Amino acid sequence: MSDPEMHLDVADAVKRARNRGRERARAILDADEMLTTEEIAGRMQVPVEGVEDMYLRSQLLAISGNGFGLRFSRWQLDDAGMPLEGLSEVIAILGQGRRFYRLLAGGSVGGRPAWQRLADGNSDRVLQQARTEATGGYT
């Protein structure tokens with residue numbers, strides 16, 4: 001393979017990877033578990049401005065995408081419609097966005113999804129995992 005052909009192959013591979021990333025982000029943002037600001041405000045029985053304030057104070061996790069606005073995972077609320085205990089501490093460690101979402105939605109802590117650990121009141125293990133990931137470590 002000549003050098004120009006290799007560059008085209010690499011550029012094509014990068015383009016395909018970006019497209020897969022966009023498709024995955026769109027699927028996450030469009031999933032049934034993702035709530036709009038208005039929907040989560042209704043579940044929490046607070047005004048939209050209250051949700052926005054909680055998001056800005058890192059008490060709720062939201063991710064955004066082109067044309068979607070903010071989306072909030074329904075699992076971050078307990079049965080009473082309040083943010084899970086320990087959620088704001090994990091956000092403080094990892095920040096808002098996809099990195100945090102990956103840990104809570106897709107990450108496993110002790111064999112269970114991290115958000116379930118928070119829902120069960122076991123935030124210590126989740127906080128430890130968040131600190132490890134924030135420093136670039138693996139568990």
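The legends below describe an overview and two close-up views of a predicted model.

**View 1. Overview of the chain and its elements.** The chain holds 7 helices and 5 strands, where helices (H or I, at least four residues) and strands (E, at least two) are DSSP runs numbered from the N terminus. Read from the N terminus, the elements follow the order α-β-α-α-β-β-α-α-β-β-α-α. Of the 139 residues in the chain, 34% are buried, a term for under 20% relative accessible area, with exposed meaning over 50% and partly exposed in between (1.4 Å probe, protein chains only).

**View 2. The largest nonpolar core.** This core has 13 residues, of which Val90, Leu94, Leu103, Leu118, Val126 and Ala130 touch the most other members; a nonpolar core is a set of buried Ala, Val, Leu, Ile, Met, Phe, Trp, Tyr and Cys residues joined through side-chain atoms within 4.5 Å. At least two residues of this core come from each of α4 (87-94), α6 (114-119) and α7 (123-134), and α4 gives the most, with 4 residues. In soluble globular proteins, nonpolar side chains tend to be buried together.

**View 3. Glu52 in helix α3.** The place of Glu52 is in helix α3, and Glu52 is partly exposed, with a relative accessible area of 36%.

**Notes on the model.** Residues are numbered from 1 along each chain as its sequence is written, and side-chain values use heavy atoms, with hydrogens and water left out. In this predicted model, local features need pLDDT of at least 70 and side-chain atom pairs count only at pLDDT 80 or more, whereas totals for chains, interfaces and linings use all residues.
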